Amino acid sequence: MSTAIQTPSPALEAAAHNAGLNLTAAEPGTDLTGAPTTRAILTLVGTAADPARQQLLELSQAFDAADPKFAAALAVFFREASQRLRNPRPDVYLSLHGLPLSFGKFAWPFHGSTSGADTFIVHGEIRLEDGRGSQLHAKVSASMTQTFATVIPALEQPFAESFIYNAVRKTLDQGQLELVASGNRQPVPVTTRYYSMKQQVFIFNDTTETQRRAYLAAKTFWLSHVLGAGEPVWLTDPRDAQYLNTNVADLKATAASLVNDGLILLDLTGNWSTATDALRNEEPTYRAQVDEALAFIKPTFNEDMRHGHTNM
C-alpha cells in the first residue's frame with residue numbers, strides 16, 4: 001500500500017479556490033478497510049495559518065471530483081466551509097438542548113458494515129465545549145441504510161457531513177447518546193425518517209420561532225462569547241437551518257429580532273453576531289441549561305432492578 005501523499009485533484013482545488021479556499025495536501029490516510037485516502041487541509045485564502053481555523057477534507061482515492069454530477073454539491077460544500085472557517089471555532093455546533101459540541105476525528109469516507117449489516121458506517125467523536133476543559137465526549141458510529149444512501153451523490157464527506165452532524169445532534173436531543181469521560185462507541189442510526197422523499201429535503205427538528213430565538217442567542221453566547229473571545233459567529237449557517245427545519249432567511253429574521261431585544265449585535269450583512277452585555281450576563285442560565293441537558297441524556301435505572309429485585 002502506497003504511503004505517498006496524494007495531491008488533491010485539479011478539479012477539487014479549483015472548486016475550493018472558487019470559494020476562497022486553499023487546499024493543502026496532508027499526510028496520507030487510510031479508511032477503515034485499509035484503503036488509502038486523499039487528505040487535504042482547507043484554509044481561507046489570504047489568512048495566516050491558524051490550527052483552529054482549518055478543516056480536514058478526506059476522500060476515497062477513487063473519487064473523481066471532475067465528474068460533472070458532483071459539481072453543484074461540491075460548490076455548496078466549499079462555499080459554506082469558507083464561511084464556517086471564519087468562525088472562531090468552526091468545529092463547534094450547538095445542540096437544541098443547549099450543549100456546545102465540537103465534532104472531530106471523523107473517518108471519512110463511509111465504509112461497509114463489518115458486522116454483516118446492510119449499512120454504511122462513519123466513525124467520529126463529539127466533545128462538550130463548555131470553556132472549562134470538560135473531558136465529556138462521545139465516540140459515535142453513524143450507520144446509514146442503503147436506501148438512505150441513494151439520496152446523496154456519493155458516500156464522501158462533502159455530500160454527507162452536514163446531515164451526519166445533524167443526525168448526531170438529533171440523536172443527542174433524543175437522549176440516545178451519553179457524554180462520558182471514557183466509554184465505547186455509541187450508535188447513531190441514520191435512516192429515511194430524516195429525509196422526505198416527496199420534498200427531497202432533510203428533516204430533523206420541528207422548531208418554533210421561540211425555540212429558534214433561544215437557539216441563536218445560545219449559539220452567540222457559547223461560540224462567540226465563551227469560546228470565541230468575542231469574535232463574530234455565523235448565525236445563518238445552512239447546516240443549522242437544516243437542523244432546525246427552517247431556512248437561512250428565517251434565521252436572519254430571527255437574528256434581527258434578537259438585536260431588537262438587546263441580546264446580540266449583528267454586522268452590516270445581518271449574518272454575523274456578537275454578544276451584548278445583557279447576553280453575557282445570562283451565563284448562570286446557560287450553565288444551568290448545560291447541566292440540565294447532561295442530566296437528561298444520562299441513563300437512569302430502576303433502583304429495584306439495580307438491587308436485583310425483579311418480576312422475572
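How many salt bridges does the count come to? With a salt bridge taken as a side-chain nitrogen of Lys or Arg within 4 Å of a carboxyl oxygen of Asp or Glu, the count comes to 17. The model is a predicted one, where local features need pLDDT of at least 70 and side-chain atom pairs count only at pLDDT 80 or more, while totals for chains, interfaces and linings use all residues. Residues are numbered from 1 along each chain as its sequence is written, and side-chain values use heavy atoms, with hydrogens and water left out.

Take arginine 89 and glutamate 129, whose side chains meet in a salt bridge at 3.6 Å, N to O. Arginine 89 sits in the loop between α2 (71–84) and β5 (92–94), and glutamate 129 in the loop between β8 (119–128) and β9 (137–145), so this pair ties together parts 40 residues apart in sequence. Helices (H or I, at least four residues) and strands (E, at least two) are DSSP runs, numbered from the N terminus. Glutamate 129 is buried, at 17% relative accessible area; buried means under 20% (exposed is over 50%, partly exposed in between; 1.4 Å probe, protein chains only).

Then there is glutamate 161, which pairs with arginine 239 in a salt bridge, their closest N and O atoms 3.1 Å apart. Since glutamate 161 belongs to helix α4 (residues 157–173) and arginine 239 to helix α6 (residues 238–243), the pair ties together parts 78 residues apart in sequence. Both glutamate 161 and arginine 239 are buried.

Arginine 212 and aspartate 250 also form a salt bridge, at 2.8 Å, N to O. Here helix α5 (residues 209–226) holds arginine 212 and helix α7 (residues 248–260) holds aspartate 250, 38 residues apart. Arginine 212 is buried, with a relative accessible area of 10%. Finally, a network of salt bridges links Asp50, Arg53 and Glu231.
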